[in-house]
Amino acid sequence: MMEKIIALAKRRGFIYPSSEIYGGIAGFWDYGPLGVEFKNNLKKIWWKHMVYERDDVVGLDASIIMNPIVWERSGHVSSFADLLVECKNCHHRFRADKIEKETCPNCGQKNNFTQPKKFNILTEVYLGVTEPKQKAYLRGEITQGVFVNFKNIVDSSRVKIPFGIAQIGKAFRNEITPGNFTFRSREFEQMELEFFIYPDDKEGDKWFSYWKEERFKWYVDLGIKEKNLRFRDHEHHERAHYARFATDIEYQAPFGWSEFEGIHHRGDWDLSRHNLTYKDPNTKEEFIPWVIETSGGVDRATLFFLIDAYYEEEERVVLRLDPRLAPVKVAVFPLLANKENLVEKAKKVYNLIKGEYLTAFDDRGNIGKRYFSQDEIGTPFCVTIDFQTLADETVTVRERDSKKQERVSIDRLKDYLNQKLLI
Ligand code: ATP
């Protein structure tokens with residue numbers, strides 16, 4: 001299954017290995033013309049849901065490199081580490097918690113690992129021109145940018161607790177064993193909400209449950225099959241250094257149940273580490289708020305949505321993506337490629353539709369092949385211009401999943417499509 005998804009992603013321009021012409025680089029990926037479209041759709045939908053549709057969340061776009069003190073205070077310099085074991089035979093290193101059955105996944109030797117050692121996964125960078133250069137870090141999570149701006153946001157906007165700060169952006173981790181395609185990358189994008197609440201156990205429980213359900217529902221509403229999702233509470237020993245409780249939303253991937261998004265109760269860990277407080281505008285009381293975090297991965301979501309939407313039918317492969325996520329929304333074809341009047345009319349219809357979203361024009365090969373080519377990338381609608389179009393200004397609109405066709409007049413076409421595409 002993974003081979004098929006990886007091949008489709010490459011062949012159709014969703015995802016390529018980074019710097020592939022030089023042999024690639026482990027844990028880095030590039031998103032092609034369809035991949036970037038997919039990710040942009042996903043991020044737009046998330047932002048709309050988390051920011052525009054709510055009254056209690058504002059946005060932020062913080063820098064990737066911050067003063068390194070941020071990472072000392074946040075505990076990442078001392079604790080953002082995975083336990084690592086090395087195979088004494090082939091010297092490959094693996095995360096101790098991801099090794100099953102004491103067998104080296106690389107060379108197959110049994111029981112020949114070193115004792116686990118801590119390995120910090122922050123990525124270092126060096127800034128400036130004079131030696132010694134200033135050491136800094138590429139952010140290991142986008143979250144810290146929110147905490148260090150907490151006071152700025154409280155002072156410059158009208159937010160009052162409970163409120164949230166949403167952010168989407170790149171994070172970097174020097175993962176020991178990148179793999180499972182984009183699932184574990186070294187550069188990836190996160191979409192996160194930090195939701196600040198009163199420091200109270202009941203409030204904590206309430207908002208933690210609320211965000212768990214909210215985030216689960218979001219994935220289901222966007223088309224992930226519910227049977228492929230589950231919650232998994234973290235055991236005490238696996239919680240990150242900042243977490244009071246943590247639950248993962250997991251997806252049943254071809255390589256096993258895997259973390260999709262983390263819901264974390266971070267308590268007052270971060271704000272207290274940065275010496276930040278909040279003054280209640282009504283009571284004037286000063287305190288350190290607690291925070292509930294929802295932390296999803298854009299790349300993992302892209303991968304899991306592709307896997308979940310992938311179907312092989314007798315004669316075609318189809319991605320049954322939600323129309324809001326589909327990279328190409330509409331494809332326009334002339335019925336026959338060699339009839340100039342059909343091609344000309346099809347181009348006019350294409351020009352009429354295009355502009356608001358990615359629209360494709362295709363006049364290669366036969367019409368059946370063109371349909372299948374669009375099915376494989378999840379295009380929800382194909383519009384065909386045929387001889388009847390020339391007579392009565394109507395076109396056929398074919399829906400991807402049912403393959404049903406409907407005749408629609410050209411003057412209604414744009415509204416018809418927008419309605420179906422939920423735009
Ligand atoms: P894992 O246990 O898989 O390493 P994590 O618990 O360290 O993940 P978090 O720190 O909770 O992950 O990060 C929040 C989200 O960021 C994850 O749910 C995931 O979607 C995404 N993410 C984390 N690490 C990676 C990675 N290496 N590659 C791609 N996405 C990632």
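This is a predicted model: local features need pLDDT of at least 70, side-chain atom pairs count only at pLDDT 80 or more; totals for chains, interfaces and linings use all residues.
Colleague: Which residues come nearest to the ligand?
Modeller: Glu 175, Arg 184, Ser 185, Glu 259 and Phe 260 do. They belong to a set of 18 residues around the ligand.

Colleague: How do the residues of that shell divide into nonpolar, polar and charged?
Modeller: Eight are polar, seven are charged and three are nonpolar.

Colleague: What lies 2.8 Å from a nitrogen atom of the ligand?
Modeller: A polar side-chain atom of Glu 175. Arg 173 also has a polar side-chain atom placed 3.0 Å from a ligand oxygen. For Gln 190, a side-chain N or O atom sits 3.1 Å from an oxygen atom of the ligand.

Colleague: How much of the ligand does the protein bury?
Modeller: The protein buries 89% of the 590 Å² that the ligand exposes when taken alone.

Colleague: Which strand gives the most to the shell?
Modeller: β13, with five residues. That strand covers 256–267. β10 (187–197) and β16 (290–297) each supply at least two residues as well.

Colleague: New topic. How many residues has helix α7?
Modeller: It has 21, running over residues 201–221. From first C-alpha to last, α7 reaches 30 Å, close to the 30 Å expected.

Colleague: Which residues in α7 are buried?
Modeller: Quite a list. Among them are the aromatic residues Trp 207, Phe 208, Trp 211, Phe 216, Trp 218 and Tyr 219. Charged residues are buried there too, including Glu 203, Lys 212, Glu 214 and Arg 215.

Colleague: And what is found at the start of α7?
Modeller: A side-chain oxygen of Asp 200 comes within 3.0 Å of the backbone nitrogen of Lys 202.

Colleague: Which residue just after α7 takes a positive phi?
Modeller: Gly 223, at about 115°.

How values were computed: Residues are numbered from 1 along each chain as its sequence is written. Side-chain values use heavy atoms; hydrogens and water are left out. A residue is near a molecule or strand if one of its heavy atoms lies within 4 Å of it. A polar contact is a pair of N or O atoms within 3.5 Å; within protein, one must be able to donate a hydrogen and the other to accept it, and residues adjacent in sequence count only if both atoms are side-chain atoms. Accessible areas come from the Shrake-Rupley method with a 1.4 Å probe; for residues, only the protein chains shown count as cover. Helices (H or I, at least four residues) and strands (E, at least two) are DSSP runs, numbered from the N terminus. The expected span of a helix is 1.5 Å times one less than its number of residues. Buried means under 20% relative accessible area, exposed over 50%, partly exposed in between (1.4 Å probe, protein chains only).
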